[in-house]
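These are my notes from going through one model, entry by entry. I wrote down what I looked up and what I found.

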Amino acid sequence: KYQKMYYMPPKVTYDWVSKDAIDKAPIWCSVDLRDGNQALIEPMSLEEKLEFFDLLVDIGFKEIEVGFPAASETEFMFMRALIEQNHIPEDVTIQVLTQARDHIIRRTFEAIKGAPHAVVHVYNSTSLAQREQVFKKNMAQVKEIAIKGAKLLKDLAEKTDGNFTFEYSPESFSGTEMEYALEVCNAVIDIWEPNESNKCIINLPTTVENAMPHTFATQLEYMHKNLNSRENIILSIHPHNDRGTGVATAELGMLAGADRIEGTLFGNGERTGNVDIITLALNMFSQGVNPGLDFSNMSYIREKYERLTRMHVYERQPYAGDLVFTAFSGSHQDAIAKGMTYREERGEEKWTVPYLPIDPQDIGRRYDSDVIRINSQSGKGGVSYILKQSYGINVPEKMREEVGYLVKDVSDKAHKELTPALVYQIFSENYVNT
Ligand code: KIV
Ligand code: ZN
């Protein structure tokens, strides 16, 4: 039954890891408006893209891939609207995607006319599967597509006003023979001749994530160590999430030498999505590294994202889901309540509360409604905590067990979660004025 042969990841020697910890934020590039948008059932309208763009700027993105202007009229017009309405803050660089094809590159340059600066991102697919099945071209011919694209980009940029950074992606990099991927990227670099003041970006995608994260990290480290003019290259990665390990891939990629990450909010994107930048950034934050992006108002970000993309943020989505800071079970509630009291009593700066990886308040979540919620799994600690937090009632230690059982029994019989108001009602019916 399970004998079909699938893609076999390249054999790797597990000798990488340039670093053993992530000590600074990468350059972030949001691809929400391109990779994210192209995967939506109903892509965003021009107005919706503008609103999403503003959200990305508010969060603090300095590089935003805004679309594939040659792909559709809306995409083209969005580009024009951004430029003609002076909508791009000075410190933000927009990025546009183009295939390495003559007329598409030319149309892309028409779309970005008047932009003071932009990243022009050109790609062609390099994996064996794509070469053989899609393009029916050999290695030399596929390399030639990249070379021609790189030359045309350079040529058109010289004839167009503005400051342009070039980016090249060997699409399907993760399925490409490493020596060949290196050869193609180096050929592109040799054409662009980057230098200290004019760096170029080499972006390595796991277009389809088909290997474990350490395999990708090893591939990346090979490129990191062998790319021509490495000091003048911004080495970028673009993880997708087919195996559900996009975040791990990105984190190991950073350890192995990546300088820049392309991803999206909440991991929207083709199939299982692009890597989720929110998770990556808040993972860094939880380990004391400033991610340089602001997620302190998560519910605002989530509301805009859900409305504009018509997607839903899963209840257990790291950091952002409705239930990710919630404890229903008695032992977890007890530990959290004790941890919070311990912290309050000592005025502790450091966050060490059990079961809560970060302080929910740091991303705009609330202790009273997000953390301890009462159902039949709950216990005395949780019930007492709710009465104290919401109603200022200090249940004496000796009464806690009895009150806990009383409340959870009601929930058990009703098969329902109890709001703080209901908890209070049960408590007062049984104990107040008796
Ligand atoms: O996933 C991918 O390979 C892409 C490229 C176009 C960069 O989105
Ligand atoms: Zn992609």
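Predicted model: local features only at pLDDT ≥ 70, side-chain atom pairs only at ≥ 80, totals over all residues.

**Entry: a loop residue**

I looked up Phe266 and found it in the loop between β8 and α10. Its phi is positive, about 60°, although Phe266 is not a glycine. I noted the background for this: most residues other than glycine have a negative phi.

His415 sits in the loop between α15 (400–414) and α16 (420–431). The count of C-beta neighbours inside 10 Å is 8 here, so His415 goes down as exposed.

**Entry: overall figures**

I counted 16 helices and eight strands in the protein. The C-alpha trace spans about 85 × 50 × 45 Å along its principal axes. Of the 434 residues, 42% count as buried. I also checked contacts with a separation of 6 or more: 72% of them come from residues 24 or more positions apart.

**Entry: the barrel**

In what order do the strands close into a barrel? I read the order as β1-β2-β3-β4-β5-β6-β7-β8, with parallel pairing. From one strand to the next, the twist averages 25°.

I went into one pair in detail. β7 pairs with strand β8 (residues 260–263) in the parallel sense, over two bridges. Ser236 has Arg260 in β8 as its bridge partner. On the helix side, α9 lies across β6, β7 and β8, and runs at about 165° to β7.

**Entry: ligand 1**

Which residues surround ligand 1? I listed Asp35, Tyr123, Ser169, Glu171, Asn203, Pro205, Thr207, His238 and His240. Two elements give two or more residues to this shell, β5 (163–171) and β6 (200–206). By class, the shell divides into two nonpolar, five polar and two charged residues.

I compared this with the record. In the unreviewed UniProt entry, the annotation "binding site" covers Asp35, His238, His240 and Asn274. These annotated residues are spread over 240 residues of sequence, yet they cluster in space, with a largest C-alpha distance of 10.4 Å.

**Entry: the two histidines**

His238 is in strand β7 (residues 233–239). It has 30 C-beta neighbours inside 10 Å and therefore counts as buried. Setting aside neighbours within four places in sequence, I found His238 in contact with Ser169, Asn203, Leu204, Pro205 and Glu262.

His240 lies in the loop between β7 and α9 (246–255). With 24 other C-beta atoms within 10 Å, His240 is buried. Its contacts beyond four places in sequence include Thr206, Thr207, Gly246, Glu270, Arg271 and Asn274. I noted that Asn274 is itself under the "binding site" annotation in the UniProt record.

**Entry: helix α10**

Why is helix α10 (residues 277–286) largely enclosed by the rest of the structure? Eight of its ten residues are buried, so the rest of the structure largely encloses it. I wrote down the buried residues of α10 as Ile277, Ile278, Thr279, Leu280, Ala281, Leu282, Asn283 and Met284. They pack against β1 (27–30), α9 and β8. After α10 comes Gly288, with a positive phi near 85°.

**Entry: Leu56**

Leu56 is buried, with 23 other C-beta atoms within 10 Å. Not counting residues up to four places away in sequence, Leu56 touches Ser30, Asp32, Phe61 and Ile64. I also took one distance: Leu56 and Val119 are 63 residues apart in sequence and 17 Å apart in space, C-alpha to C-alpha.

Technical notes:
Residues numbered from 1 in each chain as written. Chains lettered and ligands numbered in written order. Near = placed C-beta within 6 Å. Helix = DSSP H or I, 4+ residues; strand = E, 2+ residues; numbered from the N terminus. Nonpolar A, V, L, I, M, F, W, Y, C, P; charged D, E, K, R; others polar. Buried ≥ 20, exposed ≤ 12 C-beta atoms within 10 Å, placed from the backbone. Contact = placed C-beta atoms within 7 Å. UniProt positions renumbered as here; feature names shortened; annotations may be inferred. Pairing = 2+ DSSP bridges. Axes fitted to C-alpha atoms, helices over the stretch in contact; angles between N-to-C directions.
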